[in-house]
Amino acid sequence: MNSSFINSEPRLLPAVPLRDMVVFPHMMAPFIVGRESSVLALELALTQPGKQLFLITQRDPKVDEPQRQDIQDIGVVARVIQNLKLPNGNVKVMVEGEKRAKLLELVETGEALQAEVETFDIQYPSSDKLQAYMSKVLSTFEQYAKMSHHLAFEGLMPTLKLDDPDRFADTLAAHLMVTTAEKQSLLEMLNPYERLQRLHDLIDVEIEKVNIDKRVNVQVKKQMEKAQKEYYLNEKVKAIHDELGRKDDRAEEVKELKERIEKAGMPKEAREKAEQELKRLEAMPPVSAEATVSRNYIDWLVSVPWKKKSRELRDLNRAEKILNSDHYGLEKIKERILEFLAVRQLTRKTQSSIICFVGPPGVGKSSLAKSIARATGRKFVRLSLGGVRDEAEIRGHRRTYIGAFPGQIIQMMKKAGTVNPVFLLDEIDKMAMDFRGDPAAALLEVLDPEQNDTFADHYLDVEYDLSKVMFIATANVIHTVPPALRDRMEVIELTGYTPNEKLAIGQQFLVPRQIEAHGLKPGLIHIEDDAIRSLVDNYTREAGVRNLEREIASVCRKLARRVVDEGKNLEITVEGPDTIRELLGKPRYRRRRKKEESMIGVSTGLAWTQIGGEILETEVGLMKGKGKLTLTGKLGDVMQESARAAVSYIRSRTELLGVDPDFASNLDVHIHVPEGAIPKDGPSAGITMATALVSALTDIAVRKDVAMTGEITLRGSVLPVGGIKDKILAAFRADILELVIPSENEKDLEDIPEEIRDVLTVHLIDSMDEVLTIALDGEMTPPPDSKKKYDQVSSEAGADSGFSAH
């Protein structure tokens, strides 16, 4: 079909740019004119006979003073039907679109905006095919109008029963709810058939939108009906409760939470968070899952202590009495606590103290923390970190997770109920890490006095002040604690108890406690010192007293049965080793004592373990061979290297020591450290192995009453080692009273109890020559022609010891 578009002669009309609006021909459209240039253009149109305006849509509705490039090319010539001037100076107008027009040029005459335009007369021949397509489009639009709530279906459909395709398409486009840009593109389509095709596509899209809206609305309606049903039932339950005289639990709960928030003494940020969450809770249905989450969160916020604190006791005499009544010895730790209290008497602006007790099991680390809490009048809480491998255990989980909780730090603070408890972090060396994070890294903030006043728990999501807490950590060994965490703590080492200290602890603390625990009468049950000594020597092997208390409990159980069988007033005295053997059976441990006689190739060393010190014999065997070195006894890499260093030292001094210079090629050497199932490592057995090897090569016995410890170098120097106190106590228990230790360890002798120090003979040495002079039971006899003293390792020995280790 051919259509014709007849252009009229250009003419000048007042122009009004429109924002977010397109006017079609044959369309009645109301709008408000507010811009001064547009008002003047309207007034100019009203003075002309036809009252015609040129209406054209702006490209950008935000532009206040549009220029030519800011407005579209195609608009509508419209006639003003009505106008009403409003009090604010704006004019409300009703116009009717007449014809499409093309903008040729904008003309400014005075302040009114005018446009030079040419109009289009569209003539499109009608046909049966076109009429059928118009019916199809009308039917589709009728379906859309019925579904849409925005269109008045009954009044709209009669206006669309038109035979002119141009007018039909424009009327349809005017009532379609599409974007301004889409309407403008329809206005610019001059061919009515093309316009109808585009309208048909747009109506199909709008129908699909309406269908989607309906489906969504059905779902929303169902949810609303469910919520309304719950609300109705809740209101009914409330009315029934009122009728029965019962209180409204929900209102009471909200009121109670408000009061708790008021009394909690929270800082501003936490209070705002709690109040905001309470408002959310009030708006939620009581039975919803989200309400439970909000209720739990508010409950945690108000349950954690924010300002309540224990009244701190600063009486030094009272604190000292409490510490002495709870623990025997441990003078250094007690002195540290009394110093802390003395400082607190002078100033209250002290940073939180973070102390780490390091020592073997059973020496009283955890119980000491309880005593500190009692001495200072603070609450006590304990958190065991053994096996903790999840960072959330410290910081908590975020509330987005189901079943989320605060971390253990906040949980323990709630348990304490005050902001200044004594907080024990037990077994801090037993923490692990995996894909869930590193709890040791999370503890860095907790144990840093510069940061812990703003500790952030993921669950609470507000800052919490830990600066008033007295943190005490415990560990068996310190080397497994990360360096950054170790740096934040004041490390105090607790070494093992001496036999006399164990005896005193047993009589003063353990025996009375177990007698009471087993329902025995203190005046009728007596356990003598010799019996406790027998328990210490033959039934326990430990640095602390935990197993000792266990054995005393076993004795008390045996005595309790006798009391029940023979009468409650039976008086029993446990006198010595024989009585203990009757009660507990044969001894569990063979007490390590010094050798019966001095032996060739066997020396006594001193070792440190996690349960205290031990004596460790080292044996050397020589066999004919080709220079093979065999090391047995489950020795670690460091200990094996110490053995090789000892061999190299002896090879470099064979003539001075009176040793066969060719022993490294003629003999196989076997060094063995007994108790082969127990792993051993460290450099402190260096001089012990060297002494045993020299003894074997010179056929001179090593003194049975001498024990030694120290690291050896290739030049024969002796370097300091650790664990001196525990090692000396081990020698004392074994009746070895003459010791050889590095001179640089002299400072460690101050830690040895005076009653033990007085009976010991301690040799402080710097070189291996001094060790051999003291330890060998006889003088070495170097060859007569050997006058040369070797001060350094020969190049041959330094390059290769001649032995291959196996």
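# Reading cores, helix packing and phi

Student: Leaving aside its neighbours within four places in sequence, which residues is Phe423 in contact with?

Tutor: Contact here means heavy atoms within 4.5 Å, and, once the neighbours within four places in sequence are left aside, Phe423 is in contact with Val381, Leu383, Ile409, Met412, Met413, Val469, Met470, Phe471 and Ile472. Please keep in mind that this is a predicted model, in which local features need pLDDT of at least 70 and side-chain atom pairs count only at pLDDT 80 or more, while totals for chains, interfaces and linings use all residues. Residues are numbered from 1 along each chain as its sequence is written, and side-chain values use heavy atoms, with hydrogens and water left out.

Student: How many residues does the largest nonpolar core have, and which have the most contacts inside it?

Tutor: In soluble globular proteins, nonpolar side chains tend to be buried together. A nonpolar core is a set of buried Ala, Val, Leu, Ile, Met, Phe, Trp, Tyr and Cys residues joined through side-chain atoms within 4.5 Å, where buried means under 20% relative accessible area, exposed over 50%, and partly exposed in between (1.4 Å probe, protein chains only). The largest core in this model has 55 residues, and Phe423, Leu425 and Ile428 have the most contacts inside it. Helix H9 (residues 289-303) gives the largest share of this core, 6 residues. A second, separate core has 52 residues, including Val33, Tyr124, Ala169 and Leu196.

Student: At what angle do helix H17 and helix H18 pack?

Tutor: Two packed helices are described by the angle between their axes and the distance between the axes. The axes are lines fitted to C-alpha atoms, for helices over the stretch in contact, and angles run from 0 to 180 degrees between N-to-C directions. H17 (residues 499-517) and H18 (residues 529-539) pack at about 110°, with their axes 10 Å apart. Angles under 35 degrees count as roughly parallel, over 145 as roughly antiparallel, 65 to 115 as roughly perpendicular and the rest as oblique, and H17 and H18 are therefore roughly perpendicular to each other. At this contact, Lys502, Leu503, Gly506, Gln507 and Val511 in H17 meet Asp529, Ile532, Arg533 and Val536 in H18.

Student: And how are H17 and H19 placed, oblique or parallel?

Tutor: H17 and H19 (residues 546-566) pack at an angle of about 45°, with their axes 10 Å apart, and they are therefore oblique to each other. Lys502, Leu510, Val511, Arg513, Gln514 and Ile515 in H17 meet Leu548, Glu549, Ile552, Ala553 and Cys556 in H19.

Student: Which value does phi of Asp20 have?

Tutor: Most residues other than glycine have a negative phi. Asp20, however, has a positive phi of about 50° although it is not a glycine. Asp20 is found in the loop between strand S2 (11-18) and strand S3 (28-33), and Asp20 is exposed, with a relative accessible area of 55%. His26 is also placed in the loop between S2 and S3; its phi is near 70°, a positive value in a residue other than glycine, and His26 is partly exposed, with a relative accessible area of 30%.

Terms used
Helix = DSSP H or I, 4+ residues; strand = E, 2+ residues; numbered from the N terminus.
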